[in-house]
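Good morning. I will go through one model today, and I will keep to what can be computed from the atoms.

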Amino acid sequence: EPTLQPDLPELATECKRRGFLVKVDTNGSRPEIVRTMLATGTLDALAVDYKAPARRYAEVAACNCPDLLERVRATLTLAASSGLLLDVRTTVHREVLSRLDLRQMREELTALGIGAWTLQQFHPVPTLSPELAGRPTYSDRELAEIAAELDGGTRARGLRLNS
C-alpha cells in the first residue's frame, strides 16, 4: 500500500517537479494522504480497489479495522469530487463475491458519485488467498454479462475468452 510510505507526498512532488504525471494505486485506507496530495496538486490519477459490499467489507478485505469502509468511502468521495482521473476496480472471484454482492457494490458506488467501475477477472497468480487459485470463478462471458447488467458504466477487464 503506497500511502503507508511516509515520504509518498514528497516523492510525488519531486516527480511532478521533473515533469512526470503521478498515479497512485491504493486500497483507499488513507484518505488523509489523498487529501494532502490533491491539495498540493501532486496527484494526477488514482486507482482504488473497492473490495466488497459494505456488509462484507472487513471480511473480504481480511482487516479487523472498524473504520476501514468509512476510510475507503472518504477516499472515493474525495477523488470523485476532485475531477481526478479515477479507476475504481474490483477483482472478482465467484467464491468471494456473488452476483448479489456485485449489485450491492454498484449501488453503493453510485451513491458515492462513482460512475465508471471495472470488474477485473480473477487470474490464478500468487495471491494472498492461494486456495482460490484452483477453484473455478466466473467465466469471462459470465463476468461480461454481469458488468452489462449493472447500471452506471460497469465494465469487465482481464478477460481471456475462456467462455
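How many aromatic pairs does the structure hold? There is one aromatic pair in the structure. Tyr50 and Tyr57 form the pair, which is tilted, with 5.5 Å centre to centre and 50° between the planes. For the term itself, rings of Phe, Tyr and Trp (its six-membered ring) pair if their centres lie within 6.5 Å; planes under 30 degrees apart count as stacked, over 60 as edge-to-face and the rest as tilted. Tyr50 has a relative accessible area of 0% and is buried, and Tyr57, at 2%, counts as buried too. Buried means under 20% relative accessible area, exposed means over 50%, and partly exposed is in between, with a 1.4 Å probe and protein chains only.

Before going on, the ground rules. This is a predicted model, so local features need pLDDT of at least 70 and side-chain atom pairs count only at pLDDT 80 or more, while totals for chains, interfaces and linings use all residues. Residues are numbered from 1 along each chain as its sequence is written, and side-chain values use heavy atoms, with hydrogens and water left out.

Next, the strands. Helices (H or I, at least four residues) and strands (E, at least two) are DSSP runs, numbered from the N terminus. Two strands pair if DSSP finds at least two bridges between them. Strand β1, residues 23-26, runs parallel to β2, and four bridges join them. Within that pairing, Thr26 stands opposite Val48 in β2. On its other pairing, β2 is joined to β3 by five bridges, again parallel, and Leu46 has Leu86 in β3 as its bridge partner. β2 is largely enclosed by the rest of the structure, because four of its five residues are buried.

From β3 the pairing goes on to β4, with four bridges and a parallel run. Thr91 stands opposite Gln120 in β4. β4 then pairs with strand β5, residues 154-157, in the parallel sense over four bridges, and the bridge partner of Thr118 in β5 is Arg155.

Which way do the side chains of β4 point? Trp117, Leu119 and Gln121 point one way, Thr118 and Gln120 point the other way, and all are buried.

Now helix α4, residues 68-82. The helix has 15 residues and reaches 21 Å from its first C-alpha to its last, close to the 21 Å expected at 1.5 Å a residue. The expected span is 1.5 Å times one less than the number of residues. Which residues of α4 are buried? They are Leu68, Leu69, Val72, Thr75, Leu76, Leu78 and Ala79. Their cover includes α2 (31-39), β2 (45-49), α3 (57-61), β3 (85-92) and α5 (99-111). Ala74 also lies in α4, but Ala74 is partly exposed, with a relative accessible area of 27%.

After α4 comes Gly83, whose phi is positive, near 80°. Gly83 lies in the loop between α4 and β3. Is Gly83 buried or exposed? Gly83 is exposed, because its relative accessible area is 68%. Gly83 and Asp44 are 39 residues apart in sequence and 9.7 Å apart in space, C-alpha to C-alpha.

On to the cysteines. The structure holds one disulfide, a disulfide being a pair of cysteine sulfur atoms within 2.5 Å. Cys63 and Cys65 form it, with their sulfur atoms 2.0 Å apart. Cys63 is partly exposed at 22% relative accessibility, and Cys65 is partly exposed at 31%. Cys15 counts as partly exposed too, at 26%.

Last, Arg135. Its place is in the loop between β4 (117-121) and α6 (140-149). Arg135 counts as partly exposed, at 39% relative accessibility. Not counting residues up to four places away in sequence, Arg135 touches His93 and Glu95, where contact means heavy atoms within 4.5 Å.
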